[in-house]
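Reader: I am new to this structure and would like to learn how to read its features. May we go through them one at a time?

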Amino acid sequence: MVKTGFMQILLGILVCCAAAGLPLFVGGDLARAGEAPGKAPVAASTPVAAPAGPVAAPAGPVAAPALASWLESVKDATGGIPRQLAILRTLPKLAGKFPEFLPIDKAKFDSLSYLRVADFASSDWDFKLNVSKLKKVDPFDAVIQITGADTVILAPEQGDWKILRKVDDEATVVHSGKGPASVTPDAIISWLFSSFNWDGVVLAQTSDYLLVGSSTAALAQPQIQALAVSNSEDKLRLSAAERKGSGLLSLSENSGGFGVFDIVVLGQGVTKIMPGTKVILEKKK
Amino acid sequence: MRFLKSIVLLLGFCLGPTAVAEVIDAGHLRIELDAKAGRALPKGKKKDKYRKQWKAGCQRLGAALSAGKGPFGFGAFASFSCFRGADLVSGSKKDSAWLVTVVDGKTEAKFVLKHKDHRGYSVVAEYSMPSSEFTLEFFADDEFADSVAYALLESAPMGRLLTKSDLSGSPPQFKGRYWRAGKAKDFKFTVPKSPGYLVIYRLQWSEAEQRWRSDVVGSAKRVSVRPPKKEKKKRGSILVGGEVVYETTPAVAAALETGNLWAQSSAGPGAQHKATAEQLKEAQIALAAAAQSGKLGDFLLGKFDLLSSLLSSTASGYVGLRYGRQVLPGVGGLGTLLNKTSIFGLLVEIRGGPAKGLRYYYDLLPKAKATVPGSGGPVDTSIQFSRHTLGYSFDFDPHLLVDRVTIDPKVGVWTFNARLPTEIDGDGLVSNTANFRLGTTVSLGLEVGLEELSDWYTIRGWYGINSGFSLLKTGGKVTSNQFGIDAYFTAGPTIPLFGVPLKTALMAFYFFESVNLSANKPIGELAPGDSNISGVSYTVGYAGIGAVLSW
């Protein structure tokens, strides 16, 4: 089901183009949502030519799922989607040594985006409660086991911050760079999305609707437009060259760091937007 | 039927064990005297006394482990039952996820806190101290009961329960009682400091992960400590009262509105394990010394001071005397000489106090002479030695096959003098002899023993090596490899001597010894007809009996 009018689509694409600062849709033609590959191709160099008049969704009118129940159904999603963070001051190398967690206001941090941070006090205490069980466990693995984090931020007082994830059973630095100016939840969230080089991530798709995790502030803008980035579902961090669109989205509902987006149009050959696909939001002034 | 079984199996596989996290609240505790691992029950009247001591001791330990009733307000259990093995002694038989096992063992006493899930029991905290036949009597002392309870609670994932009714005032505060001195006018052992900070949290056990999971809601800071005061009684004075006060935050008060919380030292469970274990050992040494002197009652009343107790403990020990004769069949002239040898041994061991483990050995082989037929007529041969050795015994329980492993490094002085046949001719007659006069040698040794213990016997297998290095100009070395078996039977009477009960025991032993004498230069003074040789070896086996006194 496509709800958005032609002018709105055109405007949205132009804004996304400007926001992303890259040649949008190059190598990724757009098709209407649900349309078969190869049908109604759009010239690569031309901004999307939306169909004249309203276009019915192939599957018929399907209502968007209730946001709360949808969130519940995908809460344990894993893969290329960073969801649960552990933020550390130090990460020792020797088994049996414990990490130092960055003291951070969990409630405030969790309210700022779809990302959740492990409570530093409980995590630190869990290490002490399970000291005998963790004596021989690699410290990175121990952090993962204790906090349930899929992504670990190593935030030393001096030196670069690092984003680590488990890749092929090894702790791998997926990004390293200068940390934020302060260690407030707002500054860390900004630093994270800036380091990822994307604004949101697709958590699930139902019919023409996408459940997207992003920052609370960005999703607070009504009917914001967004671009789904092609072949990005397994990438934690995007390079400038990788920010190519595979679909245009429009926000229809939001709650905190979660939003339901309508699929406005999909790129040529794209029939489904995979969970984990990264999203770039239009930058409204 | 087979189909039904498959369905049941499949369902079982899909559902798995109940892996839901267990919310930890103050539950029921089972306290059990381990009847299998413990010492054999005494017989007759002593058996009844032992059972009564356990019942009373368990009550005191259980009370000190109960929520809010332990030292510094610690305590984690809503109720408790006492068992002797599978037999209920007091309380109810209701099921419990928590178990304290008391092992009154032959070599050590152990206190173990265990938690049970669908996979079985896992050890949460464990303390051990030297064995004493009076261990259960020690629980008559509140101070000892507090020591054991605090040791277990300090190492547990939850130290004390915090309920809504515990909090009062603004900012909110809560209290706990101070350490108890029992019936004494002062503390008899080192009293640990109450934790300066507490972490306050909710607790779960995740069976699937085999991990404790917490939700920390706040912390508390110790703001005051009021030690107990002396109160006059008919027969002297005792320490009473005393409390520790903690201040917490309104967030903790708010969290208590929705349920009870746990508190534990912010250093973490078991952070003080080493210090706590030392304190327990200190208490055990003093109590055991007092009990062995028959003055436990006085000690608990504070009328038997710790110094005397420690001195008494240092004096506790063991003296063994033994005599054995060479029993291996000897061949030739050397065999004839060795068959005439016998050995005396003395062993003194300090078994308590700071010098525990120190050993003194004296071995004497009195001069044995033999005139043996030689190529040129009868030949005189002789052998004698004495050895003074100081050793230190390290021991541990390997929890496998034997009850105790001992390792004793030794240093000593070994005097060895002998005139031994060194060659025989074709007719089996001694054709050469040599003097082996090593004079005084410095002796180094090591002994390893494996012991199987029971109430009335000890079987000990051992291996020892001793090397003596001669201080004479000629140099020289004597090396002895021994292995043997000792059997002690503690069946003798107990004899009181100056107020100290002396226990008697008998022993039997056998050991095999291989002696190797060597030198860089020809050994000793050459007599006319002596051979200029540089070494000789012989083997002997001694069997004998002995008597042992211990106190």
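Reader: In which sense do strand E16 and strand E17 of chain B pair, and over how many bridges?

Author: The model shown here is predicted. Strands count as paired if at least two bridges are found between them. In chain B, E16 (residues 317-326) and E17 (residues 342-350) are joined by nine bridges in the antiparallel sense.

Reader: To which strand do nine bridges join E16(B), running antiparallel?

Author: That strand is E27 (residues 535-550) of chain B. Here B:Tyr323 of chain B faces B:Ile545 in E27(B).

Reader: What is the order of the strands in the open sheet of six strands in chain B?

Author: The order is E4-E3-E2-E5-E6-E7, and the pairing is mixed. At the edges are strand E4 (87-90) and strand E7 (120-130) of chain B, each of which pairs on one side only. From one strand to the next, the twist averages 25 degrees.

Reader: Which strands does helix H2 of chain B lie across?

Author: Helix H2 (residues 45-65) lies across strand E2 (28-33), E3 and E4 of chain B, and it runs at about 155 degrees to E3(B). H4(B) also packs on the sheet, where it touches strand E5 (98-104), strand E6 (108-117) and E7 of chain B. The direction of H4(B) makes about 40 degrees with that of E6(B).

Reader: At what angle do helix H4 and helix H6 of chain B pack?

Author: Helix H4 (residues 142-154) and helix H6 (residues 273-292) of chain B pack at about 160 degrees, and their axes are 10 Å apart. An angle over 145 degrees counts as roughly antiparallel, and H4(B) and H6(B) are therefore roughly antiparallel to each other. The crossing of H4(B) with H6(B) is left-handed.

Reader: Which residues make the contact?

Author: An α-helix has 3.6 residues a turn, so residues three or four places apart point the same way. H4(B) contributes B:Phe144, B:Ser147, B:Val148, B:Ala151 and B:Glu154, while H6(B) contributes B:Thr276, B:Gln279, B:Leu280, B:Ala283 and B:Leu287. By class, the residues of this contact are six nonpolar, three polar and one charged.

Reader: Is helix H5 of chain A largely enclosed or exposed?

Author: One counts the buried residues, a residue being buried if 20 or more other C-beta atoms lie within 10 Å of its own. Helix H5 (residues 139-147) of chain A has seven of its nine residues buried, so it is largely enclosed by the rest of the structure. Among the buried residues of H5(A) are A:Phe140, A:Val143 and A:Ile144. Their cover includes helix H4 (120-129) and strand E6 (161-167) of chain A. Just after H5(A), A:Gly148 has a positive phi of about 75 degrees.

Reader: How many residues of chain B are in contact with chain A?

Author: In chain B, 13 residues are in contact with 10 residues of chain A. Strand E10 (197-206) and strand E11 (211-226) of chain B each supply at least two residues of that side of chain B. E11(B) gives the most, with six residues. The side of chain B that touches chain A has six nonpolar, four polar and three charged residues.

Methods
Residues are numbered from 1 along each chain as its sequence is written. Chains are lettered from A and ligands numbered from 1 in the order in which they are written. This is a predicted model: local features need pLDDT of at least 70, side-chain atom pairs count only at pLDDT 80 or more; totals for chains, interfaces and linings use all residues. Axes are lines fitted to C-alpha atoms, for helices over the stretch in contact, and angles run from 0 to 180 degrees between N-to-C directions. Helices (H or I, at least four residues) and strands (E, at least two) are DSSP runs, numbered from the N terminus. Angles under 35 degrees count as roughly parallel, over 145 as roughly antiparallel, 65 to 115 as roughly perpendicular and the rest as oblique. A crossing is left-handed if the near helix is turned anticlockwise from the far one by less than a right angle, and right-handed if clockwise. Two residues are in contact if their C-beta atoms, placed from the backbone, lie within 7 Å. Ala, Val, Leu, Ile, Met, Phe, Trp, Tyr, Cys and Pro count as nonpolar, Asp, Glu, Lys and Arg as charged, and the others, Gly among them, as polar. A residue is buried if 20 or more other C-beta atoms lie within 10 Å of its own, exposed if 12 or fewer, and partly exposed in between; C-beta atoms are placed from the backbone.
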